[in-house]
Amino acid sequence: MSHDDGYGNDSGRTGDGYSTIGGTRQTRTRLPDGEGGDGYGPRRPARNSRSLVTVVGVIVLLLGAIAFANMGGGDGSGGDGASGSNGKKADATSTAATGTKPVTGKNGEIPSGFAHDEQGAQSAAANYSVALGSAEMFDRERRRAIANAVYAPAVAAARQDDLDNVYSDQSFLTNIGLNADGTAPAGQSFISRSSPVGTKVVKFSGDTASVAVWYSALFGLAGEGSKNPVSESWFTNTFELTWIDGDWKVTDFTQKDGPAPVGRDQAASPAGEMADAVEQFGGFTYAR
């Protein structure tokens with residue numbers, strides 16, 4: 001997967017996503033790379049069938065969580081529904097943009113310097129979900145850079161070997177159609193991109209936050225003869241964040257399927273067109 005920002009993550013939409021704070025859902029906008037950050041792309045397997053390849057595809061999204069298994073991470077309930085923590089429905093302003101500019105800093109190629117508030121935690125969670133779902137996670141050096149930028153320092157240091165073991169597992173790579181070094185076979189393009197649709201604050205208390213990110217994911221191999229064609233799935237990841245050294249960092253996360261919309265009666269694009277789209281469409285920085 002190649003993209004403008006190194007993660008090539010999002011679709012070309014200029015605004016989407018939302019969060020619920022104190023019962024009010026608020027939108028989040030994605031701004032182009034030239035306006036305050038870089039973007040990167042999604043990931044994840046399709047849920048059209050329960051074949052081994054599909055199930056393995058879904059596992060890709062869970063790899064980060066696997067590496068954190070010893071940390072005990074939550075009940076996997078993720079973020080649910082569209083009502084706030086107080087159970088109230090979103091009001092008429094739930095789609096009104098705040099106009100707040102995204103961060104301008106970077107930690108490597110990942111946005112950094114998020115605000116020390118609920119808005120900043122949501123922005124961090126959305127951008128981190130994109131980085132952790134990118135095809136770059138299958139490259140050892142890029143994966144380590146992402147882990148160091150996204151996770152709390154102690155967590156990243158403790159889990160690097162676990163992440164390396166998961167992403168280099170030969171049976172796993174074979175099942176999703178990749179070479180032993182995590183690259184795509186000749187003539188095919190590996191696509192793993194996540195597109196956050198919305199966020200929701202589950203809990204917030206000063207220096208800690210729990211934020212659910214609902215997103216769609218593309219995952220598979222585009223090219224002639226692919227046995228794992230690119231497909232779409234929907235997930236909700238709930239990130240546990242801690243404020244460390246002036247920024248939000250991930251200490252753990254859990255995942256659940258959906259909510260998944262009804263698919264439209266729309267013909268799938270040819271493999272070559274799909275591969276070209278991922279090459280040509282760049283990403284965004286996610287912010288409110």
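Okay, let's start with strand 9, which is mostly covered: 9 of its 11 residues are buried. Buried here means under 20% relative accessible area, exposed means over 50%, and partly exposed is in between, with a 1.4 Å probe and protein chains only. Strands (E, at least two residues) and helices (H or I, at least four) are DSSP runs, numbered from the N terminus.

Before I go on, a word on what we're looking at. This is a predicted model, so to speak of local features we need pLDDT of at least 70, side-chain atom pairs count only at pLDDT 80 or more, and totals for chains, interfaces and linings use all residues. Residues are numbered from 1 along each chain as its sequence is written, and side-chain values use heavy atoms, with hydrogens and water left out.

The overall picture, then. The protein chain has 6 helices and 10 strands, and 51% of its 288 residues are buried. If you take the contacts with a separation of 6 or more, 72% of them come from residues 24 or more positions apart; contact means heavy atoms within 4.5 Å. The accessible surface comes to about 12300 Å², and carbon and sulfur atoms own 50% of that. Those areas are from the Shrake-Rupley method with a 1.4 Å probe, and for residues only the protein chains shown count as cover.

Back to strand 9 and its sheet. It's an open sheet of 4 strands in the order 6-7-8-9, with antiparallel pairing. Strands pair, by the rule used here, if DSSP finds at least two bridges between them. At the edges you have strand 6, 189-205, and strand 9, 247-257, each pairing on one side only. On average, neighbouring strands are turned by 25° against each other, direction ignored.

Let's walk it from the strand 6 side. Strand 6 and strand 7 run antiparallel and share 15 bridges.

How enclosed is strand 6 by the rest of the structure? Largely, because 12 of its 17 residues are buried. Thr 199 lies in this strand, and Thr 199 counts as buried because its relative accessibility is 2%. Thr 199 is also 78 residues from Ala 121 in sequence, yet the C-alpha atoms are 9.7 Å apart in space.

What lies across this sheet? Helix 2, residues 118-132, lies across strands 6, 7, 8 and 9, and runs at about 155° to strand 6. For angles like that, axes are lines fitted to C-alpha atoms, for helices over the stretch in contact, and the angles run from 0 to 180 degrees between N-to-C directions.

Now the other side of the sheet. Strand 8, residues 231-244, is joined to strand 9 by 10 bridges, again antiparallel. Two pairs to look for: Leu 241 stands opposite Val 250 in strand 9, and Asn 237 has Gln 255 as its bridge partner there.

Ile 244 sits in strand 8, and at 23% relative accessibility Ile 244 counts as partly exposed. Leaving out residues up to four places away in sequence, Ile 244 touches Ala 152, Pro 153 and Lys 249. From Ile 244 to Asp 207 you go 37 residues in sequence, but 8.1 Å in space, C-alpha to C-alpha.

Most residues other than glycine have a negative phi, and most peptide bonds are trans. Asp 245 isn't a glycine, but has a positive phi of about 50°.

Last stop, a helix pair. The axes of helix 3, residues 140-150, and helix 4, residues 153-167, come within 10 Å and cross at roughly 145°.
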